[in-house]
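Here are my notes on this one, as promised. Have the viewer open while you read.

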Amino acid sequence: MAQPKDRRRVVVTGQGVVSALGIGQDVFWNALKDGTCGIGEATLYDTGELYITIAGEVDNFEPREHDLTKQFLLADRYSQFAGCAAGEAVAQSGLETPLPGDEGARTACIIGTGIGGVTTMEFSYKMLFEEKKRATHPLTLLKTIGSSAAAHVSIEYGVTGPCFGVVSACSTAPHSIGLVYQMIQNGLCDLGIAGAAEASLNWGTTRAWQAMRVLSPDGLFPFCKGRNGTVLGEGAGVFVLEEYNHAKQRGANILAELLGFGMTSDAADMVNPSIEGASTAMQIALDDARLAPGDIDYINAHGTATKVNDINETRAIKRVFGKAANELSISATKSMHGHCLGAGGGVEAVAVLKAMQEGVVPPTIGFDEPDPECDLDYTPNTARKREVTFAMSNSFAFGGLNAVLVFGPAPA
Amino acid sequence: MDEVANKIIDILKKNMKEPSDSIALETPLTDLDIESLDLAVIVFDIEDTFGIEIPYNANEEVEDFSTVGAVVDKVNAIISEKKSSGAAA
């Protein structure tokens, strides 16, 4: 069990999610439990000249239907996803917004993105270079910048403390969440809105990913022998983090405690991950949480279904957990919502908290024949009832940037 | 060696840190210190040079990329396939 802490404790009082499995945590969670696949033929762009034609798209996203204020209606899709997820998280937290001045000043808003408003950029380049327009849309710059989601959310809720975006490719969300966790822990803030958003599904980005030769034309099948690459997704995962006594005093419903955060860099290779970097990040997160490997019930794996990630992650888990690795429930929910890139770890952390709340481990779907080198329990195809007291969420990004979060139950 | 082979060897050399002058058709790509990301760049360069598309997935073992000669054969096959389908159209 976790030891009582001599430092300020950080709890989660709200969460929100946008993904190919739907908008809102309940829709998302029901789809995960049922093993629903949100990956399908891409519709947001013309796939005619592409050989990668599938993606995990957020279907029929209409910002007006999600109670977003006018400022979001003029933003890029990635900021709209952030607004939507933040709206759900803030509503669940029960905080009264806009935050009063003194509270707003003690609140952080860190919402990152892997690449920002790249579809806005593509559209503007098309206007300039192809259609020979004389100017871009006047909001192109504001829509594109990687800090716009954080700025929009801070405006929406009156957050006047630290506010910026974080960039670390597929580890963006846990880096953002981990930073706010540390800010609250260290006394800089009492509250924070933290997470990440991504909406980079367009022709040019898919073309660029296709050129890297790491995408699967068929589907995302983590840890399977026949896995042949990842599938791009999009979405957002945003949390309200709060200092424990602050939450208790206002009678907030505490969803979980954020117990540990570990981050490392492989400093080795842009695409080939190292066991050392991944395992050290997990170990630091466990140590920060003051937990032993055997305490963890569930790991939401990075599980991208690339040849190298899944073997490396399996070996890293074994290095950290030793014999306890065999008792773990592991799953890669990317098999259902796709690889949401910067938003991935945020979307997946929502899955982790729901697993803890409901005592159900979501599955890894499309799991047929396991890779002999990936020999742990990846919760194949069907969700499993299991009490999840402590859980870990792994994110390992291009460039060897690793970030790991550990969650536990609400303090007794 | 034909023109296709020479161009492909030039592309390989361009993408090597220390270009070797002894690249032959039998040379395995693994001897050229070419890693997965290098291969993606090389395939892109070949596609651009010859105006073709090469099916290649870094997650799969591909026999077509075992040796320099295998790459040349694959490119020649795609070029001739393209020519014949172009003639039919």
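The points below go from the overall layout down to single residues.

1. Ground rules. This is a predicted model, where local features need pLDDT of at least 70 and side-chain atom pairs count only at pLDDT 80 or more, while totals for chains, interfaces and linings use all residues. Residues are numbered from 1 along each chain as its sequence is written, and chains are lettered from A and ligands numbered from 1 in the order in which they are written.

2. Domains. Chain A splits into domain 1 (11-249) and domain 2 (261-408); the bounds come from an automatic or database domain assignment. Their C-alpha centres are 21 Å apart. In terms of contacts (C-beta atoms, placed from the backbone, within 7 Å), 60 residues of domain 1 of chain A meet 56 residues of domain 2 of chain A. Elements that each supply at least two residues to the domain 1 side are S1, helix H1 (25-33), helix H8 (172-185), S7 and S8 of chain A. H8(A) gives the most, with 8 residues. Helices here (H or I, at least four residues) and strands (E, at least two) are DSSP runs, numbered from the N terminus. By class, the domain 1 side has 29 nonpolar, 26 polar and 5 charged residues. For that count, Ala, Val, Leu, Ile, Met, Phe, Trp, Tyr, Cys and Pro are nonpolar, Asp, Glu, Lys and Arg are charged, and the others, Gly among them, are polar.

3. Chain contact. Chain B puts 10 residues into its contact with chain A, and chain A puts in 11 residues. The chain B side is made up of 6 nonpolar, 3 polar and 1 charged residues.

4. Cores. A nonpolar core is a set of buried Ala, Val, Leu, Ile, Met, Phe, Trp, Tyr and Cys residues joined through C-beta atoms within 7 Å. Buried means 20 or more other C-beta atoms within 10 Å of a residue's own, exposed means 12 or fewer, and partly exposed is in between, with C-beta atoms placed from the backbone. Which residues touch the most other members of the largest core, with its 132 residues? They are Ala82(A), Ala85(A), Ile111(A), Ile193(A), Ala197(A) and Ala236(A). This core takes at least three residues from each of domain 1 and domain 2 of chain A. Apart from it there is another core of 11 residues, including Ile11(B), Leu12(B), Ile42(B) and Val68(B).

5. Strand S1(A). All the way along, 10 of the 10 residues of S1(A) (residues 10-19) are buried, so the strand is largely enclosed by the rest of the structure. Pairing means that DSSP finds at least two bridges between two strands. S1(A) runs antiparallel to strand S8 (residues 235-243) of chain A over 8 bridges, with Val17(A) opposite Gly237(A). Another 3 bridges join S1(A), again antiparallel, to strand S9 (residues 256-265) of chain A, where Val12(A) has Ala256(A) as its bridge partner. A hairpin through 2 residues leads from S1(A) to S2(A). Ala85(A) is in contact with Val17(A), Val18(A) and Gly237(A), among others.

6. Helix H7(A) (residues 148-157) is mostly covered, with 9 of its 10 residues buried. The buried ones pack against elements of chain A including helix H3 (77-93), strand S5 (107-112) and strand S7 (191-198). After H7(A) comes Gly158(A), with a positive phi near 70°. For H5(A) (residues 118-130), 13 residues at 1.5 Å each should span 18 Å, and the end C-alpha atoms are 17 Å apart, which agrees; the expected span is 1.5 Å times one less than the number of residues. Its buried residues are Val118(A), Thr119(A), Thr120(A), Met121(A) and Ser124(A). Their cover includes H3, H6 and helix H9 (203-212) of chain A.

7. Backbone spots to check. The peptide bond from Thr97(A) to Pro98(A) is cis, with omega near -5°, and Pro98(A) sits in the loop between H3 and helix H4 (101-105) of chain A. Ala267(A) has a positive phi near 50° and lies in the loop between S9 and helix H11 (275-289) of chain A. Ala267(A) is exposed, with 11 other C-beta atoms within 10 Å.

Note on methods: Two residues are in contact if their C-beta atoms, placed from the backbone, lie within 7 Å. Lists of a residue's contacts leave out its neighbours within four places in sequence.
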